[in-house]
Amino acid sequence: TSQKVQVDFDQSTGVAVLRMQNPPVNSLSLEFLTEICINLEKLEMDKSCRGLIVTSNRPKVFSAGLDIFEMYGKTPERCAEFWKAVQEMWLKLYGSSMATIAAINGSSPAGGCLMCMTCDYRIMADNPRYTIGLNETLLGIVAPFWFKDTMTNTLGHRTTELALQLGSLYSPAEALKIGLVDQVVPEDQVLTTATEAMSKWLAIPDHARQITKSMMRKSTIDRLTANRESDIKNFVGFVTKASVQKSLGMYLEMLKNRKA
Ligand code: CO8
């Protein structure tokens, strides 16, 4: 464990809890993503670790998604390195052989929503101020195909079509209704509910659950694995465009003004 990622592993249950703590809003920077990946790899290699609960140690926010500053005013080389780390995080989580549960104790836009959708099961706090969704279009950017695939696998084609084009951010109740989360519980019960749910997942023989999970997700994972380089090129080309930089600048300005 380290500064931005706190991992507590319970030997007796085989369940690890990974808490994100990258102030103020757990935005996914290159450094933070790298730390998350290192911790995921360690847990994945530990055969006694069968379940993973991902949650936030920050108030009100699960994760604000990708760090917008990693996409704003950066060199193409740096953008490429950043994007590779985003891919890596997704590949590790979506392909994890552990049973994974997102304990969503705050807002979770864009990359934060992606993280949640990589998990096998999602539990969200019932606070109506929290939102979750892939809001990329609101920033003038486009969710990559594997974000889209992950959402399609979760919600189905039509709901994803609406959600992605409109950049919809859903309240917990709305998210439950469309199946973006599986359970909504009082805020102080998110983690205990996740722990209870995990025991159900771990009651299934690991090998049968793992092979089934892989069967459901393999084609989606293979699609990115086979196209990582072109996906990086595409991201760098898109995000460094003057028009996209302008959109991101305006969005950052909006975030700042909204506060005042
Ligand atoms: N990246 C960097 N900084 C951020 C981000 C972010 N994603 N989100 C918030 N911050 C900053 C804010 O600007 C603010 O900075 P400062 O204190 O210097 O003014 C600080 O964090 C705190 O933010 P708030 O005051 O807004 O905190 P709140 O608790 O009121 O709200 C929210 C928290 C709900 C998370 C809110 O900050 C928010 O909505 N943030 C924006 C989230 C967002 O839209 N993220 C999208 C990122 S893009 C992405 O993840 C996928 C991109 C896919 C690539 C597409 C291909 C090109």
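**Close-up views of a predicted model**

**View 1. Helix α2 against helix α8.** Gln-87, Trp-90, Leu-91, Leu-93 and Tyr-94 of α2 are in contact with Lys-213, Arg-217, Thr-220, Ile-221, Leu-224 and Thr-225 of α8, contact meaning heavy atoms within 4.5 Å. By class, six nonpolar, three polar and two charged residues form the contact of α2 with α8; Ala, Val, Leu, Ile, Met, Phe, Trp, Tyr, Cys and Pro count as nonpolar, Asp, Glu, Lys and Arg as charged, and the others, Gly among them, as polar. The model is predicted, so local features need pLDDT of at least 70 and side-chain atom pairs count only at pLDDT 80 or more, while totals for chains, interfaces and linings use all residues. Residues are numbered from 1 along each chain as its sequence is written, and side-chain values use heavy atoms, with hydrogens and water left out.

The axes of α2 and α8 (residues 206-225) come within 10 Å and cross at roughly 165°; axes are lines fitted to C-alpha atoms, for helices over the stretch in contact, and angles run from 0 to 180 degrees between N-to-C directions. The two helices, α2 and α8, are therefore roughly antiparallel, a term for angles over 145 degrees, whereas angles under 35 degrees count as roughly parallel. Helices are DSSP runs (H or I, at least four residues) numbered from the N terminus.

**View 2. Helix α2 against helix α3.** Helix α3 (residues 111-118) packs with α2 at an angle of about 25°, the axes being 8 Å apart. The pair α2 and α3 is therefore roughly parallel. Met-89, Trp-90, Leu-93 and Tyr-94 of α2 meet Leu-114, Met-115, Met-117 and Thr-118 of α3. This contact of α2 with α3 has seven nonpolar residues, one polar and no charged.

**View 3. The largest nonpolar core.** This core has 81 residues, and those with the most contacts inside it are Ile-36, Leu-52, Ile-132 and Leu-180. A nonpolar core is a set of buried Ala, Val, Leu, Ile, Met, Phe, Trp, Tyr and Cys residues joined through side-chain atoms within 4.5 Å; buried means under 20% relative accessible area and exposed over 50%, with partly exposed in between (1.4 Å probe, protein chains only). Helix α2 (residues 76-94) gives the largest share of this core, 10 residues. Leaving aside neighbours within four places in sequence, Ile-132 has contacts that include Ile-104, Met-124, Tyr-170 and Leu-180.

**View 4. Glu-31 in helix α1.** Glu-31 lies in α1 (residues 30-45). Its relative accessibility is 51%, so Glu-31 counts as exposed. Lys-4 is 27 residues from Glu-31 in sequence and 9.2 Å away in space, C-alpha to C-alpha.

Definitions and conventions. Parallel < 35°, antiparallel > 145°, perpendicular 65-115°, else oblique.
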